[in-house]
Amino acid sequence: MSRKDDPFAQEGRSGLVGWGRDHGRVVREAMHHISARLATSLIVWLLVGIALALPAGLYLLQLNLADVGSDWDGRPGLSVYFKVDTPEAELRALAQQLRAEPQVQEVEETSSTQALAAFHAHTGLSDALELLEENPLPASLRAMLVSGATVPDLERLAAIAGKASGVQEVVVEKTWLERVSDITTVVSRLSGVLAVLFGVGALLVTATSVRLAIEARLEELKVQTLVGATERQLRRPFLYFGAIYGAGGALVALMLLSMTLLVVETPLSRLAGSYGATLEFTGFDPAFLLVMLCTGAGLGVAGALVAARQRLHDLEVL
Amino acid sequence: MGHIEMHGVTKRFSSGQEALKEVDVSFEAGSMCFLTGHSGAGKSTFLKLLLRLDTPTRGQILVNGKNVTNLKKSRLPFYRRNIGAVFQDHHLLAGRSVFDNVAVPLRVIGMRERDVGRRVRAALSRVSLLEKERLLPAHLSTGEQQRVGIARAVVNRPKILLADEPTGNLDPELSRDIMALFEQFNQVGTTVIVASHDRELIEGMGKRIIELSGGRVVRDRLLESEVLLDESADLMGSDVA
């Protein structure tokens, strides 16, 4: 049988160029369909946008809390108090040992004499101290850790200091680090869970919208099936709907996030300032915008795929 | 393409009803044939099976020697691109112009818009609707709508043209016009199969008529006419003698 006589030979006419042409036409039609139903499309964009904004906002919060943990002025450190009358050599030896640790950024030594002088300078109780026969204040040192130091680092250094000769007490200043770390963990997990939940929500919103679009074009789909449209061709416009709904929703989410940042920026700066930190909100950059747009479009396409597969599978042509 | 054979084709629905029973027929490429019979005789099922909108419970349908009953789902669209189909209720897209309705099969195969325009206008010209290409189907008469349906069915130059009660809603004069159109397409080599219950109309066409009843072929008028022709030749011979 010649190719001309082959009942299945016309597929070649579609070809790559035809495929590209079909995509172009479908995109135009999808844009036209969406713009013709602008009110409905706006509602879909808003719903998808809200669904994406919350997990994305939490992600940004978690990112910035992690930064706060490392940049906080009250960075974790150790305060080591020596027994009274401990020789200064032991103080210096421990200070030297701690300075050699890579996690330690700075060590401040305070001899008992310096402590007394500071006491004199900062309190009004110098007369009372003069009544004592000897200096009651111990020597001490304070080790500040480098940024990025972890709680286990802090605990290891505290153990080293605790074993040193003449040490009375080691005070570990890890409260802030731990709190921030705990909050970051909670926010991170919460944003993970919410990302899944709201992602499914966004997917369902686009799936429902696409399903409605399919119902509105059912007669056309039937005719296209009759004249030889492939399943992919039938599905294609709806995948574009999904992508446009999803990407549009992501844009709305980005707008909502930027508006939220504008609203909370001043009080957050004030709060950060009260802890000696400067607020520099990070993460809302071009890469984040791109990821958001791709995620939105991807969720939209996935939703459209679900709806199209389900509906087109049951399509009764005649 | 256009040669069709049906061998022992039976279609039983899930309800148990048999729409076609052991149907054995063949259609030569480029032939024209009418399917007739009462409502429920199996005419629409016959056409649906040819279009592969449904599959037979038993039997084979061969199109140009290829069995289309076990065609993969992914291959079906390419098979259907060779078949034009016309229906009683037109299946026109209400929101699209006449031009866009006729252009659907060409856009499905990814034809360039310039060629689409040329082919659509040629098809509309064949059905005398060229001047109405911008109108919506609702602005046309029933007969004109049917002609748009025919233009859409033939615009892709199919090898086979199937029509299910294409004159069902039309008056006798319009019906004859529509049938004349099918005849024209047949004359250029298209295999045409038309299902119609209008006996008077199809009897006058002088074409093969297959009558279905209860899902069986009960009469094939081409064979009868051939027999009659033989008998008349004998009679003429005896007269001469």
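**Figure 1. The contact between chain A and chain B in the predicted model.** The contact draws 27 residues from chain A and 24 residues from chain B, in a model that is predicted. On the side of chain A that touches chain B, helices α1 (15-36) and α8 (218-226) of chain A each supply at least two residues. Sorted by class, this side of chain A holds 10 nonpolar, 8 polar and 9 charged residues.

**Figure 2. Chain A and its order of helices and strands.** Chain A contains 10 helices and 4 strands, and, when read along the sequence, these elements follow the pattern α-α-β-α-β-α-α-β-α-β-α-α-α-α. Of the 318 residues of chain A, 33% count as buried. When contacts in chain A between residues at least 6 apart in sequence are considered, 86% join residues that are at least 24 apart.

**Figure 3. Chain B as a whole.** Chain B is built with 8 helices and 10 strands. The radius of gyration of chain B is 19 Å, close to the 18 Å that the globule rule gives for 241 residues, so chain B is as compact as a globular protein of that length. Taken along the principal axes, the box filled by the C-alpha atoms of chain B is roughly 60 × 45 × 30 Å. Of the 241 residues of chain B, 45% count as buried, and among the contacts in chain B between residues at least 6 apart in sequence, 70% join residues at least 24 apart.

**Figure 4. The crossing of helices α3 and α4 of chain B.** Two packed helices are described by the angle between their axes and the distance between the axes. For helix α3 (residues 98-108) of chain B and helix α4 (residues 113-126) of chain B, the axes come within 9 Å and cross at roughly 120°. The helices α3(B) and α4(B) are therefore oblique to each other, and their crossing is right-handed. On the α3(B) side, the residues that meet α4(B) are B:Val98, B:Phe99, B:Val102, B:Ala103, B:Leu106 and B:Arg107, while on the α4(B) side the partners are B:Val116, B:Arg119, B:Val120, B:Ala123 and B:Leu124. The residues of this contact of α3(B) with α4(B) divide into 9 nonpolar, no polar and 2 charged.

**Figure 5. Helix α3 of chain B against helix α5 of chain B.** The axes of α3(B) and helix α5 (residues 142-154) of chain B come within 7 Å and cross at roughly 30°, which makes α3(B) roughly parallel to α5(B). The crossing of α3(B) and α5(B) is right-handed. In α3(B), the residues B:Val98, B:Asn101, B:Val102, B:Val104 and B:Pro105 take part, and they meet B:Val148, B:Ala151 and B:Arg152 in α5(B). By class, the residues of the contact of α3(B) with α5(B) divide into 6 nonpolar, 1 polar and 1 charged. B:Val98 and B:Val102 are named in the contact of α3(B) with α4(B) and are also named in the contact of α3(B) with α5(B).

**Figure 6. Two loop residues of chain B with positive phi.** B:His91 is found in the loop between β6 (83-87) and α3 of chain B, and its phi is near 55°, a positive value in a residue other than glycine. With 18 C-beta neighbours inside 10 Å, B:His91 counts as partly exposed. B:Ser128 lies in the loop between α4 and α5 of chain B, where phi of B:Ser128 is near 55°, again a positive value in a residue other than glycine. B:Ser128 has 13 other C-beta atoms within 10 Å and is therefore partly exposed.

Figure 7. B:Ile178 lies in helix α6 (residues 172-187) of chain B. Because 24 other C-beta atoms lie within 10 Å of B:Ile178, this residue is buried, the cut-off for a buried residue being 20 or more. Leaving aside residues up to four places away in sequence, B:Ile178 touches B:Gln146, B:Pro166, B:Thr167 and B:Leu170. B:Ile178 and B:Arg147 are 31 residues apart in sequence, while in space they are 7.3 Å apart, C-alpha to C-alpha.

How values were computed. Residues are numbered from 1 along each chain as its sequence is written. Chains are lettered from A and ligands numbered from 1 in the order in which they are written. This is a predicted model: local features need pLDDT of at least 70, side-chain atom pairs count only at pLDDT 80 or more; totals for chains, interfaces and linings use all residues. The radius of gyration is taken over C-alpha atoms; the globule rule is 2.2 Å times the number of residues to the power 0.38. A residue is buried if 20 or more other C-beta atoms lie within 10 Å of its own, exposed if 12 or fewer, and partly exposed in between; C-beta atoms are placed from the backbone. Two residues are in contact if their C-beta atoms, placed from the backbone, lie within 7 Å. Axes are lines fitted to C-alpha atoms, for helices over the stretch in contact, and angles run from 0 to 180 degrees between N-to-C directions. Angles under 35 degrees count as roughly parallel, over 145 as roughly antiparallel, 65 to 115 as roughly perpendicular and the rest as oblique. A crossing is left-handed if the near helix is turned anticlockwise from the far one by less than a right angle, and right-handed if clockwise. Ala, Val, Leu, Ile, Met, Phe, Trp, Tyr, Cys and Pro count as nonpolar, Asp, Glu, Lys and Arg as charged, and the others, Gly among them, as polar.
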